[in-house]
Amino acid sequence: MKHSNYQMPNFVSVMYKKVESTLRAGNVDLTRFNQFCLAVQLFHLKRYRESIVGLRFSEKDESALNDLCEVCHFHPGKEDEGTEGEILTGLSPELFGDFGPITKIQLLVNYFCRYEVLKNNCDKSPVLENDYNAVCTNLETLRHEFRLPARFKYNKSKRRDNPFFKGGVEVTIPERTLPEPKDTVTPESFAVSPENVAE
């Protein structure tokens, strides 16, 4: 594992504590959960970079996302029917398909990360504003279901982050290892042995 300067907000830690028993039943530890959260954040940054001018998504981000997906087997999935590729899935390494609470946790992480990407950019277009409002509603619904503390402080027109969630969680990124070469070709391998030479 290589260290990283990527940090996720404290809400990730709060989520993990609230759903730890469910995650452990699905063989998901804190490290994997944090890596999944980071991968989802990068996935949504990449997804929205075409729509949001100036949204930062660098070659380092691309490499980190690829490393996380390849080593941890995270992959795009369906949020609901007909929306292939809009969320990142694969949180539990042992479960496939629709598996109840883990599916909802994956959605919770995706909604949270999508909110993080959109919250400072939602006023740039009606489409982004619609996405922002929808994701806020979905995030709040799941937040209530998992009995997480209030994610937003509301004022008249804008959702604000609860100061309780300030701070950061450092995430380590797994290193991809190159496969060992099976057979190396050398000039000697083309040499003809004397016994194979026709007389």
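## Overall composition

In this predicted model, 43% of the 199 residues of the protein are buried.

The protein contains five helices and six strands. Read from the N terminus, these elements follow the order β-α-α-α-β-β-α-α-β-β-β. Of the contacts between residues at least 6 apart in sequence, 66% join residues at least 24 apart.

In soluble globular proteins, nonpolar side chains tend to be buried together. The largest nonpolar core here has 56 residues, and the members that touch the most other members are M8, M15, L23, F33 and L42. Two or more residues of this core come from each of α1 (11-25), α2 (30-48), α3 (59-72), β3 (84-89), α4 and α5 (126-145). Helix α4 provides the largest share, eleven residues.

Leaving aside residues up to four places away in sequence, F33 touches V12, M15, Y16, L23, V28, L91, I105 and V109. Two of these partners, M15 and L23, are also among the core members with the most contacts to other members.

K104 lies in helix α4, which spans residues 101-118. Is this residue buried, partly exposed or exposed? K104 is partly exposed because its relative accessible area is 34%, which falls between the 20% and 50% limits.

Beyond residues up to four places away in sequence, K104 touches L142, E145 and F146. The C-alpha atoms of K104 and F146 are 9.4 Å apart in space, while the two residues are 42 residues apart in sequence.

Terms used:
Residues are numbered from 1 along each chain as its sequence is written. This is a predicted model: local features need pLDDT of at least 70, side-chain atom pairs count only at pLDDT 80 or more; totals for chains, interfaces and linings use all residues. Side-chain values use heavy atoms; hydrogens and water are left out. Helices (H or I, at least four residues) and strands (E, at least two) are DSSP runs, numbered from the N terminus. Buried means under 20% relative accessible area, exposed over 50%, partly exposed in between (1.4 Å probe, protein chains only). Contact means heavy atoms within 4.5 Å. A nonpolar core is a set of buried Ala, Val, Leu, Ile, Met, Phe, Trp, Tyr and Cys residues joined through side-chain atoms within 4.5 Å.
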